[in-house]
Amino acid sequence: MRLPRSVAGWTVAVFGLLALLLGALGLIWPETQLRLLGFEVPAERAPGDYTGTFLTASSMASFNMGVYYLLAVATEWRPFYRFTVWFRLVTFTVFTIAVLSDVAPDRFFAVAAWEGLGALATAAGLWWDARRAAPATAVSAPEPAPATDAAR
């Protein structure tokens, strides 16, 4: 795998690697994942409690998302970087609302903060990369003169 070639690429790579690792953690040691998120881990689950099923699904999604992010970094797919900024801000908003409305424990706000700060870091990286590239693209060949007399 190639190292990221831009500041924005590094931010996406860090998030992708962590998503992949935390997804693997949830698949291998689900109780540890639940404790990290601040959820209760009872000794025994009641019939109809699908916490394990949901954790398996979300951990697999996290693992896959990590792979997608790392693939985007390997190909320096900048439109994907821009896409992630907006959707990570949406994720920040949804997770924050979940905490504020007591759907998720207060500790879950760390996940929301990670999403929001990650989105801002990637946005800053995209801005920085564009700023660094601007002087190179500002110097271009002079425009050709109008060809109005070319037919004569």
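This is a predicted model: local features need pLDDT of at least 70, side-chain atom pairs count only at pLDDT 80 or more; totals for chains, interfaces and linings use all residues.
Entry 1: I started with H1, residues 7–28. H1 counts 22 residues and spans 32 Å from first C-alpha to last, close to the 32 Å expected at 1.5 Å a residue. What caps its N-terminal end? I found Ser-6 there, with a side-chain oxygen 2.9 Å from the backbone nitrogen of Gly-9.

**Entry 2: H1 with H3.** Next I looked up H3, residues 51–74. The H1 and H3 axes sit 7 Å apart, and the packing angle is about 155°. That makes H1 roughly antiparallel to H3, because angles over 145 degrees are counted that way. I noted the crossing of the two as left-handed. Sorting the contact of H1 with H3 by class, I got 17 nonpolar residues, eight polar and no charged.

**Entry 3: H1 with H4.** Then came H4, residues 78–100. At what angle do H1 and H4 pack? The angle is about 60°, with the axes 10 Å apart. H1 is therefore oblique to H4. This crossing is left-handed. On the H1 side I listed Ala-8, Gly-9, Val-12 and Phe-15, which meet Arg-78, Tyr-81, Thr-84 and Arg-88 of H4. By class, the contact of H1 with H4 holds four nonpolar, two polar and two charged residues.

**Entry 4: H3 with H4.** Last, I checked the remaining pair. H3 and H4 pack at about 145°, axes 10 Å apart. Which H3 residues meet H4? I wrote down Tyr-69, Ala-72 and Val-73, in contact with Phe-80, Tyr-81, Thr-84 and Arg-88 of H4. The residues of this contact split into five nonpolar, one polar and one charged.

**Entry 5: cross-check.** I went back over the H4 residues. Tyr-81, Thr-84 and Arg-88 are listed against H1, and they turn up against H3 too.

Methods:
Residues are numbered from 1 along each chain as its sequence is written. Side-chain values use heavy atoms; hydrogens and water are left out. Axes are lines fitted to C-alpha atoms, for helices over the stretch in contact, and angles run from 0 to 180 degrees between N-to-C directions. Helices (H or I, at least four residues) and strands (E, at least two) are DSSP runs, numbered from the N terminus. Angles under 35 degrees count as roughly parallel, over 145 as roughly antiparallel, 65 to 115 as roughly perpendicular and the rest as oblique. A crossing is left-handed if the near helix is turned anticlockwise from the far one by less than a right angle, and right-handed if clockwise. Contact means heavy atoms within 4.5 Å. Ala, Val, Leu, Ile, Met, Phe, Trp, Tyr, Cys and Pro count as nonpolar, Asp, Glu, Lys and Arg as charged, and the others, Gly among them, as polar. The expected span of a helix is 1.5 Å times one less than its number of residues. A polar contact is a pair of N or O atoms within 3.5 Å; within protein, one must be able to donate a hydrogen and the other to accept it, and residues adjacent in sequence count only if both atoms are side-chain atoms.
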